[in-house]
Amino acid sequence: MRVVSGDFRGLKLSAVPGMSTRPTTDKVKEALFNMIGPYFDAGTCLDLYGGSGGLAIESISRGMDHAVVVDRVFPAIKTIRLNINKTHHDSAFTVIKADARRAMKIMQSHQDRFDLVFLDPPYAKQHIQSDMDELRKLNLLSDGAIIVAETNQEAQLPDGWSAFKLQRRQDYGITVIRIYRYNGGNES
């Protein structure tokens, strides 16, 4: 696992020990960022199921100003902090050890708003649609925010609902990437 492009290009990242996480492959990561960027002129990013922190680190490498990385298990938090330390840009990251729902409440209390959100939960525990609804309800999304959902083939997500509209879907073997845009609460 490595950073594919940007300021930290080529930086090797550590994986979370064990089999409890499934890192996004470099191939999928590169394709994903080519679809949504590939580079950014600032902004804030949220990786709600951080794992190793690779997606948040890639976002900062490609121009995002700040990233919040969330995970609920200690081995993942330890790996995220190790990988962030390798960037020598610790101040560009906030790490939260909590489950997704609790983390969203914490971020709401800080009045955080995100331009880019990654939702890549364990395949067996996918609640992507309800996570997106909660992000909207808690006012954690900037108008025009991009939400990237990584799922397996079995996940059934609609093309749009509430204030979310599917922009693109791409299949990579068993992995499916869906990119949604948030239209600032203007439900259509």
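Author: The model is a predicted one. A pair of aromatic rings is described by the distance of the centres and the angle of the planes. In this structure the count comes to five aromatic pairs.

One of them joins phenylalanine 33 and phenylalanine 118: the ring centres are 5.8 Å apart and the planes meet at 50°, so the pair is tilted. The cut-offs behind that word are under 30 degrees for stacked and over 60 for edge-to-face, with the rest counted as tilted. Phenylalanine 33 belongs to helix α1 (residues 26–36) and phenylalanine 118 to strand β4 (residues 114–119), so this pair links distant parts of the chain, 85 residues apart. Both phenylalanine 33 and phenylalanine 118 are buried.

Tryptophan 161 and tyrosine 180 make another pair, with ring centres 5.3 Å apart and planes at 70°, so the pair is edge-to-face. Tryptophan 161 is in strand β6 (residues 160–161) and tyrosine 180 in strand β8 (residues 175–182), so the pair ties together parts 19 residues apart in sequence. Tryptophan 161 and tyrosine 180 are both buried. These two rings also belong to one aromatic cluster, formed by Trp161, Phe164, Tyr180 and Tyr182.

A charge over a ring is a separate matter. The charged end of arginine 62 sits over the ring of tyrosine 39, at 5.6 Å from the ring centre.

Technical notes:
Residues numbered from 1 in each chain as written. Predicted model: local features only at pLDDT ≥ 70, side-chain atom pairs only at ≥ 80, totals over all residues. Heavy atoms only, no water. Phe/Tyr/Trp six-rings, centres within 6.5 Å; stacked < 30°, edge-to-face > 60°. Helix = DSSP H or I, 4+ residues; strand = E, 2+ residues; numbered from the N terminus. Buried < 20%, exposed > 50% of the residue type's maximum accessible area, 1.4 Å probe, protein only. Lys NZ or Arg CZ within 6 Å of the ring centre and 35° of its normal.
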